[in-house]
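Open the model in a viewer and keep the selection panel at hand. The stops below take one chain, then the other.

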Amino acid sequence: MGGKVNLGCVFNIQRFCVHDGPGIRDVIFLKGCTMKCKWCCNPESQSADKEIAFKQDVCLGSVQCGRCINACPSNAIIESKNDKSAIEINRELCVNCSKCATICPARAITVMGKLMSVNEVINAVKDNSIFYRRSGGGLTVSGGEPALQAEFVECLLRTCKEMGLDTAIETCGYAKWEDLRRSCEYANLIFYDIKCLDPKKHKDFTGVDNELIIGNLIKLSHQLRDTSVIVRTPIIPDFNDNQEDVRSILKFISKLNNIKQYELLKYHSLGEVKYKQLGRKYELSNFKPVNEKKFKELQKISKEL
Amino acid sequence: MGDTRNESSCIESRIGNEQIFKGPTIEEDKLKRERVKKLLEDFRTQPPKVSIERARLLTMSFKETEDLPLELRWAKAMEKILKEISISIDDNELIVGNCGEKGRHGILFPELRGGWLAKGLEELNHKDENQFIISEQDIRVVKDEILPYWKGRTAHDAFLNMLPEDTRNIVFGDDDYGTLGLIQDNANINASLNWVCDYQKVLQKGFLGIKEEAEERLIATGPDDPNNNIDKTFFLKAVIIVCDAMVEFAKRYAKLAADMADVEKDPVRKKELEQISRICEWVPGKPARTFYEAIQAQWFTQLALRMEQPVAGVIGNGRIDQYLYPYYKRDMEEGIIDEDKALELLECLWIKIAQFLPINATRAKSFWQGYAHFEQTVIGGQTQDGRDATNDLSYLILRSKKEFPINYPDLSVRIHSQTPEDFLYKVCEVIKEGSGFPKLLNDETIIPFLLSQGALLEEARDYTGSGCTEVRMINRDTYLPLGASINLPAALEMALNNGEVVLKGKRIQLGIKTREAREFKDFDELMNALSIQYDYLVKHFYNRQSILEIVNEQKLSAVITSLLHDVCMRECQSIHKGNIKGARHQDTGNINIIGFGTVVESLTAIKKLIFDDKTLTMDELLQSLKVNFEGKEVIRQMLLNAPKYGNNDDYADNIAREVDAMLLTSPRKYKTVKGTSLNVKYVPVTAHVGLGAIMGATPNGRKAGEAFSEGISPSQGMDVNGPISTLISIAKSNSQKFNNSQARLLNIKLSPRIVDDEKGIKDLMSFIRAWCDQKHWHLQFNIVNSDMLRDAQKHPEKHKDLIVRVAGYSAFFVDLSPALQNEIISRTEHQVM
């Protein structure tokens, strides 16, 4: 670290979170992910760079406002051809310079991602320590994949620990072992995602092999054996919403020694709107909710751990 | 008014067609509440009625007592009412006594705002959320027999006549019973500020015991008294008259119950009536012996107080788990009652309370929406010697709050550093139910506050909540003159327009000519102009307060209220006399600030956009406000998106602190005619809706006519960083500049998803502990429900703060597509947002 300021790219600091570790917590969402899951509910987390998000419904349009059209140096913002009063962003031309976001009065255009130093993050959450103290809560680093910013995460969590704040991390496990280890080093609790043990299915739905993920979890259980791990599986219809998948994960993790709990998360399509805002397509657009009864059954299995 | 639930400060229950009975639980429970449910039946079908008997009897008495001292006039009037008002006992009732009418009703106080009744009575009949039924014949009686006597004799007539002309204009304009819009005056709507009496005195001594004391004192003030206390004899005689009348009132019920028992065919009911008869024969004259008697005595006392004088928010129940506990404990130990029986008796009391509705004699209906009622019922807290005061009855009352089908009583819990964990757990379980109750009061702030105002430690520890979020020390406080609400956004408008303000569409020069806004060189000059305008309103406020102090003393003498007060009894003075020796003459926050958040947000936007960034000029702003942002949406959006108070953002929060300090400074400069220095509070009830309705656009992006922010909170939906950031901001806004700030009302929206499991309850407990650590004054939760979400679909700008809470996911409700929103609404109906 020395004289160099260690910066992380943060896309949100969510306050008063109660489902991401003990007590009342702040979750630091970091940008950049190694996987590309079709069901991803935080699409703004995928790219490691800043991105422009556009909320059409709050935009005042080019007749009333149109400030962004003039502000854009790349001519990427134009009046819509279909609706003369609306605007459109040409993502091909956009260089994410964020000039439009600065000038947008309605915050219809915003920048996803902000470079923050460890100190800035700490300053943004330290007033909450009174609530952490009372609830046993603290700070959770999430993403994206935090291990992509291993140096930053390591420094942030170490600083938290030095301040007496509780720490947790949420990881998909798909990262270089050394990065993952560093990121988890100062976490009191690790949430570790295992989507599916079947390599082919895994690749189909997430774009990557699961070998690294499985291998990393085994390493974690040996090398950070004193750190509690909660394994999580998002239950996705027609992917892993069946007993075999859940049972095989259960069987695998029950052999490891620091897995505290196995938790299933119900798939939801709440992220859909954000795809549109980022100018991307939501692949699971004909969303089917997870069958409630089935989910309950699977949950029962997961609790056998 | 689909969203009043979100906007009204202390959540009022809506009885009538919308009455919600909680879903059937277990069979046993259904059976258990059979009596209560039967008693509640006509709540649903019948709008409340106006009962004119109290007003008629009072007037008859006053006509005959013009030559008597004030205390005796009031005593005689109460005597006549208690002896002659019609009485009845309903089927299934266990606790008896009402103000002259069966079922839900309100009563009239012609001695206060009689002039309003002529027109107001007909307005009451209008079918709306405040409807009261009154017959043509009764209206005629009021107009022909009651009002002619009071013409020129009411407290309000005296008040108006005594007000300096400019003050009268600033406050009332041309509407003596409404408001011009700058100051919404509560004078004579009620006779007293929020009040609770010392019920324990009645339970322990009985009215006959109190009468004996008065008789002894009277003998001592006889011709042999070396100090000649002859002036005190009027008070003592008045006490004796009223104590006797209280006993007689109960005995009338005893006789009625006995007569009814004689002809009752159902043997079970017959026994009940016989018991009622025995109880009313005994209390409230003699000390209560059982839990049942204690509750009946409490109700008779409360009922008499309700007939004696209207108090703001209706008379409170005080620390009910403390003064009823000895009776509960003894009866439980002796096996006289069990928990269910105790619960039934308590709930019969809640029903009696719910049957009585205050009628607010003001044209400004929207200031008191719904049948607002604040009979604060306080549990928990500390004993006089600083131990935790929670007992079995505290738990039982909490349970009743959870299970009782209507939103009564107005329940609050005193929280302190030693509140037991399991009690707090139960409190959170009730909060989770989503009714907004109980509200919480913070001992760790309120006790030091009372000490700083001169209370003894044991008195301060024994404080009770009273009214909406105010507090009282029932044997020390005596200050009753009502305050008023100051329209703070109007002061800002005057600061920005050289003293001019547009009210109800009319531009008027009402304030001080500070200077044209475009001439402000920096933000401090604007702040200075605002403080001058505010100070101007405060001066007029002190004028009206002084006059009201004089009028109260001249016109009112609440004998029952006074005889239950240690200091009044010791000094033989009516509580309406100012400056009684040994009393604390301190108000409960009479300067009520409306629109704090609106003004802070406005100032922050102006500072940021006009003075710091210079992306907007003052002229552009004023022009946009003038046209209500018509065609100026860009500017409105800039204002809306400026830094906002409530998000733990120092830029905005420092301005909030500066405004708070300013609001506390002016009132310190003045005194009333009786030497009172007034306190500031932030308790809107629904005045933020009423005053907002008559005001134009404000620089925080709020459009004309929309509600102002509520209490000490930011405007609706402006605190988008979650409840913790809101709490931190609000803590920072508390300037603590002087010890004249109290009753800071704070409502927090909470998503049900947070509290739906064991961990959720634990987190809510931690949240409350941290709130206590932060030394806030009050807290009330609004559990997000599907109605609120539907409103958010319609008005997304008001609900920018609703966060969808799912593990590992972040988004705001208003950002979701309609389809997804609908899905969440349907899920929320099953409590899983």
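Begin in chain A by selecting strand 1, residues 7–17, where A:Phe16 is located. This is a predicted model. The phi of A:Phe16 is near 55 degrees, a positive value in a residue that is not glycine. Is A:Phe16 buried or exposed? At 1% relative accessibility A:Phe16 counts as buried, the cut-off for that class being under 20%.

Next, select A:Asn75 in the loop between helix 2 (67–71) and strand 4 (77–79) of chain A. A:Asn75 is not a glycine either, and its phi is positive, about 55 degrees. With 57% relative accessibility, A:Asn75 counts as exposed.

For the last stop in chain A, go to the loop between strand 8 (138–142) and helix 6 (150–162), which holds A:Gly144. Display the backbone here: the peptide bond from A:Gly143 to A:Gly144 is cis, with omega near 15 degrees.

Now switch to chain B. Select B:Pro284, in the loop between helix 12 (267–282) and helix 13 (291–308) of chain B. The bond that joins B:Val283 and B:Pro284 is a cis peptide bond, with omega about 5 degrees.

Move on to the open sheet of chain B. In what order do its five strands lie? The order is 4-5-6-16-15, and the pairing is mixed. Strand 4 (377–380) and strand 15 (747–750) of chain B are the edge strands, each pairing on one side only. From one strand to the next the twist averages 30 degrees.

Within this sheet, select strand 5 (residues 411–415) and strand 6 (residues 439–442) of chain B, which run parallel and are joined by four bridges. Opposite B:Val413 stands B:Leu440, in strand 6 of chain B.

Finish with a helix pair: select helix 22 (residues 523–555) and helix 25 (residues 596–612) of chain B, whose axes come within 10 Å and cross at roughly 150 degrees. Angles over 145 degrees count as roughly antiparallel, so helix 22 of chain B is roughly antiparallel to helix 25 of chain B. The crossing is right-handed. Show side chains: B:Phe523, B:Leu526, B:Met527 and B:Leu530 of helix 22 meet B:Val599, B:Leu603, B:Ile606, B:Lys607 and B:Phe611 of helix 25. By class, this contact has eight nonpolar, no polar and one charged residues.

Definitions and conventions. Residues numbered from 1 in each chain as written. Chains lettered and ligands numbered in written order. Predicted model: local features only at pLDDT ≥ 70, side-chain atom pairs only at ≥ 80, totals over all residues. Heavy atoms only, no water. Axes fitted to C-alpha atoms, helices over the stretch in contact; angles between N-to-C directions. Helix = DSSP H or I, 4+ residues; strand = E, 2+ residues; numbered from the N terminus. Parallel < 35°, antiparallel > 145°, perpendicular 65-115°, else oblique. Left-handed = near helix turned anticlockwise from the far one by under 90°. Contact = heavy atoms within 4.5 Å. Nonpolar A, V, L, I, M, F, W, Y, C, P; charged D, E, K, R; others polar. Pairing = 2+ DSSP bridges. Buried < 20%, exposed > 50% of the residue type's maximum accessible area, 1.4 Å probe, protein only.
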